[in-house]
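User: Hello! I am new to this structure and would like to learn how to read it. Could you take me through a few features?

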Amino acid sequence: MNFSDDKFYARLKRFIQHTGLNNNKFAEKVGLSGAQVYYMVNAQKNFGIDKLLKIFNTFPELNAEWLLKGKGDMVAGKKKVISGVSGSLQMPKVVTIDANGKNNIVQIDAKAAAGFPANYDNPQYFESLPAFSMPSPQFQDGTYICLQANGDSMHPTIYHHDWLIAEFLENPIDNIREGYVHVVVTKDGVVVKRVLNRLDKRNKLVLQSDNEQYPTYEEDLSNVLQVYKVQAKLSFVLRNENSDVRKDINSIKAELFDLRTQMKK
């Protein structure tokens, strides 16, 4: 079966991302090879009806009319229900893959992050951004972004313009790591905070800064678009904490010495 509509392949790629599987895991679940899926999502070979039937048999929730014609919703009941509240968390449209058919990590600098909330479901936004892959096995499964931190609210854990590699959480009520650093994309902007999960109690996330000058506050689920768990950071701030402490102590000693000298006079 020959599909000439490139949008068909784009929709197939989008559905694979929706499942939360990379191309190889998706292929394994459906019963295809990783290479077959790679060629399919890149429209490099004709798409056999046998492969299509395998996909529909494996994922009965997939709307055939949406995949073939772009009509209707991608899946039935596409919104998740979290504690009786309709959630709005959607998979990011990460559309670039490496030579092995695995998702690249899209790099979002501080300037691009300003447009993240308005474009979180826009494939063209992600296609315009640089991307890279990581050989480490912990980054092979899942969907990741690399976000540049902005501001000093997470000092001294995270510094201004540090890079954070974070994994998308499709089901935050189960996957948020209590008290750890997450990237929270809201309708108002993108924040990097420690998160306390209160979704099961009152459908809210409690967001905390490591910098004590910033207050703790709550974010209602209805205002949350996506949540990512920070797995690693790349930093150009390589402080010697012990050295800094010694400098502070020596500075205090010098000030005390000056004060005692002035008092004697």
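Analyst: Gladly; we will go through the sheet, one of its strands, and then some helices. This is a predicted model, so local features need pLDDT of at least 70, side-chain atom pairs count only at pLDDT 80 or more, and totals for chains, interfaces and linings use all residues. Residues are numbered from 1 along each chain as its sequence is written, and side-chain values use heavy atoms, leaving out hydrogens and water.

User: In what order do the nine strands of the open sheet lie?

Analyst: Strands of a sheet pair through backbone hydrogen bonds, either parallel or antiparallel. Here the order is β4-β3-β5-β6-β11-β7-β8-β9-β10, with mixed pairing. β4 (131–132) and β10 (217–220) stand at the edges with a single partner strand each, so one side of each has no neighbour in the sheet. Strands are DSSP runs of E with at least two residues, and helices are runs of H or I with at least four, numbered from the N terminus; two strands pair if DSSP finds at least two bridges between them.

User: Which strands pair with β7?

Analyst: β7 pairs with β8 (residues 190–198) in the antiparallel sense over five bridges, and V184 has V191 of β8 as its bridge partner. Three residues lie between β7 and β8 in a hairpin. β7 also pairs antiparallel with β11 (residues 224–234), over five bridges; there, V185 is partnered by Q226.

User: How do the side chains of β7 point?

Analyst: In a regular strand the side chains alternate between the two faces of the sheet. V181, V183 and V185 point one way from β7, while H182, V184 and T186 point the other way. Six of the six residues of β7 (residues 181–186) are buried, so the strand is largely enclosed by the rest of the structure. Buried means under 20% relative accessible area, exposed over 50%, and partly exposed in between (1.4 Å probe, protein chains only).

User: Which residues of helix α2 are buried?

Analyst: In α2 (residues 23–30) they are N23, F26, A27 and V30. They cover an arc of only 100 degrees around the axis, which puts them on the same side of α2; the arc is that of the directions from the helix axis to the C-beta atoms. E28 and K29, on the other side of α2, are exposed. Just after α2, G31 takes a positive phi of about 100 degrees.

User: And which residues of α4 are buried?

Analyst: In α4 (residues 49–58), K51, L52, I55 and F56 are buried. Their arc of only 135 degrees around the axis puts them on the same side of α4.
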